[in-house]
Amino acid sequence: MKITAETQLRTLYGYPSGRAKDKVFSRLDKHAINFIEKSPFLILSSSNKEGKHDASPRGGASGFVKVISDSEIIIPDAKGNNRMDSLSNIIETGNMGLIFLIPGVDETLRINGSAYLSTNKNHINLFTSEQNLPKSCIVITVEEVFLHCAKAFMRSKLWDESSKINRDEFPTMGQILKDQLGSKEAPETRKAMEERYQKDL
């Protein structure tokens, strides 16, 4: 049976209680700030006015996201492929969600809030240590922040060495794109791709 109503959903699952209900805050505390400062990777989700969704990975050295206050953080927009899916969505709706990850830690930090794009020099200059200075930054006002439990990572064993695959048994991005696009050119090797990417980090 297809679930089409909140009442059906709650009949099946019930409601959150205890810590699951009480752990949501509207400001960053010392633990949330510490998590952000230790995190080298996040996933940014956004949507446009038509409800089309996007999820985009963002990464850098630990602390690449700057905590400005207990209600504001700034993400540098590192060089990419100029699709601008996330940035266009932020312009349209100003809404976004984040999941911060720390390698080896099974819990994640979730933040929901509003966002805008900035070229303010004070914002840009927060990232002078980056290899390439960002053209813009994503300024986020925190509305909800909470830790997400470890179950998904425990199930997936994401950080375990035993979960890693042999990369030689997985096609390169060059081969995948060649197949998907029907290109007749020789596929780019993983080494060539990594060397090319290193110049644009």
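**Exposure, pocket and salt bridges in a predicted model**

Biologist: Does Leu9 count as buried, partly exposed or exposed?
Modeller: This is a predicted model, and the values are computed from it. Buried means under 20% relative accessible area and exposed means over 50%. Leu9 has 32% relative accessibility, so the residue counts as partly exposed.

Biologist: Which residue follows α1, and is its phi positive or negative?
Modeller: The residue after α1 is Gly14. Its phi is near 85°, that is, positive.

Biologist: How many disulfides does a search of the whole structure find?
Modeller: A disulfide would need a pair of cysteine sulfur atoms within 2.5 Å. Searching the whole structure gives a count of zero.

Biologist: Are Cys137 and Cys149 buried, partly exposed or exposed?
Modeller: Cys137 is at 0% relative accessibility, so Cys137 counts as buried. Cys149 has a relative accessible area of 35%, which means that Cys149 is partly exposed.

Biologist: Which element supplies the largest share of the lining of the largest pocket?
Modeller: The largest pocket holds about 1400 Å³ of space and is lined by 34 residues. β2 (53–59), β4 (72–76), α4 (85–93) and α8 (190–198) each give at least two residues to that lining. The largest share is six residues, and they come from β2.

Biologist: Which residues lie nearest the centre of the largest pocket?
Modeller: They belong to the 34 residues of the lining. Those nearest the centre are Ala78, Lys79, Gly80, Asn81 and Asn82.

Biologist: How many residues apart are Arg27 and Asp70, which form a salt bridge?
Modeller: The closest N and O atoms of Arg27 and Asp70 are 3.8 Å apart, and the cut-off for a salt bridge is 4 Å. The pair links distant parts of the chain, with Arg27 in the loop between α2 (19–22) and α3 (30–38) and Asp70 in the loop between β3 (66–69) and β4. In the chain the two are apart by 43 residues.

Biologist: Are Arg27 and Asp70 buried, partly exposed or exposed?
Modeller: Arg27 has 43% relative accessibility, so Arg27 counts as partly exposed. Asp70 has a relative accessible area of 36%, so Asp70 is partly exposed.

Biologist: Which residue forms a salt bridge with Asp85?
Modeller: Asp85 is at 27% relative accessibility and therefore counts as partly exposed. The closest N and O atoms are 2.7 Å apart, and the partner is Arg83.

Biologist: What is the N to O distance in the salt bridge of Lys164 and Glu161?
Modeller: Both Lys164 and Glu161 are exposed. Their side chains meet in a salt bridge, and the N to O distance is 3.2 Å.

Biologist: How many salt bridges are there by the rule used here?
Modeller: Those described above include Arg27 with Asp70, Asp85 with Arg83, and Lys164 with Glu161. By the 4 Å rule the count comes to six.

Biologist: What percentage of the residues of the protein count as buried?
Modeller: The protein has eight helices and seven strands, and its C-alpha trace spans about 55 × 50 × 40 Å along the principal axes. Of its 201 residues, the part that counts as buried is 29%.

How values were computed
Residues are numbered from 1 along each chain as its sequence is written. This is a predicted model: local features need pLDDT of at least 70, side-chain atom pairs count only at pLDDT 80 or more; totals for chains, interfaces and linings use all residues. Side-chain values use heavy atoms; hydrogens and water are left out. Buried means under 20% relative accessible area, exposed over 50%, partly exposed in between (1.4 Å probe, protein chains only). On a 1 Å grid over the protein atoms alone, a cavity is a set of points where a 1.4 Å probe fits but cannot get out, and a pocket is an open set with protein on both sides within 12 Å along at least five of seven lines; lining residues have an atom within 4 Å of a point. Grid points are joined across faces, edges and corners, and a volume is the space filled by probe spheres set on the points. Helices (H or I, at least four residues) and strands (E, at least two) are DSSP runs, numbered from the N terminus.
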